[in-house]
Amino acid sequence: MNQLEKVYKTMKGTGAGCIAIGIIILITGVSVGILSIVNGALLLKRKSDIEF
């Protein structure tokens with residue numbers, strides 16, 4: 001295996017890894033965003049129940 005083949009395989013693996021990590025980060029971000037919106041809505045809905 002020559003040097004160019006090693007570089008190609010390294011780039012191929014790195015590219016696939018970056019795509020996988022990007023998808024995981026995207027899913028995590030969307031999930032956290034949805035949870036934040038839901039929790040904020042619940043807090044606003046129940047704000048009249050809070051007494052100081």
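V38 is partly exposed, with a relative accessible area of 43%; buried means under 20%, exposed over 50% and partly exposed in between, with a 1.4 Å probe and protein chains only. The place of V38 is in helix α1, residues 3-45. This is a predicted model, in which local features need pLDDT of at least 70, side-chain atom pairs count only at pLDDT 80 or more, and totals for chains, interfaces and linings use all residues. Residues are numbered from 1 along each chain as its sequence is written, and side-chain values use heavy atoms, with hydrogens and water left out.

**Overall form**

- The protein has 1 helix and 0 strands, where helices (H or I, at least four residues) and strands (E, at least two) are DSSP runs numbered from the N terminus.
- Its radius of gyration is 22 Å, well over the 10 Å that the globule rule gives for 52 residues, so the protein is more spread out than a compact globule.
- That radius is taken over C-alpha atoms, and the globule rule is 2.2 Å times the number of residues to the power 0.38.
- Along the principal axes, the C-alpha atoms fill a box of roughly 75 × 15 × 5 Å.

**Surface**

- Of the 52 residues in the protein, 0% are buried.
- The accessible surface is about 5,000 Å², and 72% of it belongs to carbon and sulfur atoms; areas come from the Shrake-Rupley method with a 1.4 Å probe, and for residues only the protein chains shown count as cover.

**Annotated span**

- An unreviewed UniProt entry lists residues 20-44 as "transmembrane region"; such annotations may be inferred rather than shown by experiment.
- In the model, residues 20-44 are 100% helix and 0% strand, with end C-alpha atoms 36 Å apart.

**Two further residues in helix α1**

- S31 is in helix α1 and is partly exposed at 37% relative accessible area.
- G29 and S48 are 19 residues apart along the chain, and their C-alpha atoms are separated by 30 Å.
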